[in-house]
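I am opening my notebook on a structure that is new to me. I will write down what I looked up, entry by entry.

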Amino acid sequence: MPQDKPDNNWNKSWAILFARLVLGLIFFMAGVWKVFQLGPLEHARKYFLPFSNTFLPVWSLWATGVVIPFIELIAGALVIIGLRTRDALVALGFVLAIVTFGHLPKEPLYEFHTHVIPRLALLLFVLLLPREEDRFSIDYLLIKRFSNN
């Protein structure tokens, strides 16, 4: 291979890394703030209970409002380091779906392009690319280690 021509596989690996880092940091830092500064109960109170006058049961608002900060924190960290990336991305995909669904009863024309769509685009990008191309992840190291044994 000529030296001036970049290896496409390495370019994919770098692209996945940067997308994974940005997406993971967005969710991880949101989780850090919601868990350690705002608090999970206050998160539920502030962002979920305002929807208690919709058809959604109040218990479900409390449950999702308290659990989502921990999912963002843990799944965001996993995405950053590239461990169990697919599982973490699926969990974060559900968070985005819940956020989308949650806004629609009160704001049918909610502006998803500022919050949900960029995160979803990064999530889908990382999720759709082959795991074996994510060379800068713990998942990749584990695959290589166990495939050599």
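Where is the place of threonine 54? I found threonine 54 in the loop between α2 (40–47) and α3, with helices taken as DSSP runs of H or I of at least four residues, numbered from the N terminus.

I noted that this is a predicted model, in which local features need pLDDT of at least 70, side-chain atom pairs count only at pLDDT 80 or more, and totals for chains, interfaces and linings use all residues. Residues are numbered from 1 along each chain as its sequence is written, and side-chain values use heavy atoms, with hydrogens and water left out.

I then looked up the accessibility of threonine 54, which counts as buried because its relative accessibility is 19% (buried is under 20% relative accessible area, with a 1.4 Å probe and protein chains only). Leaving aside residues up to four places away in sequence, threonine 54 touches Pro105 and Lys106, where contact means heavy atoms within 4.5 Å.

Next I turned to helix α1 (residues 8–38) and helix α3 (residues 58–81), which pack at an angle of about 150° with their axes 7 Å apart; the axes are lines fitted to C-alpha atoms over the stretch in contact, and angles run from 0 to 180 degrees between N-to-C directions. The two helices are therefore roughly antiparallel, a term for angles over 145 degrees.

Last, I looked up the largest nonpolar core, which has 22 residues (buried Ala, Val, Leu, Ile, Met, Phe, Trp, Tyr and Cys joined through side-chain atoms within 4.5 Å). To this core α4 gives the most, with 6 residues.

Terms used
Parallel < 35°, antiparallel > 145°, perpendicular 65-115°, else oblique. Buried < 20%, exposed > 50% of the residue type's maximum accessible area, 1.4 Å probe, protein only.
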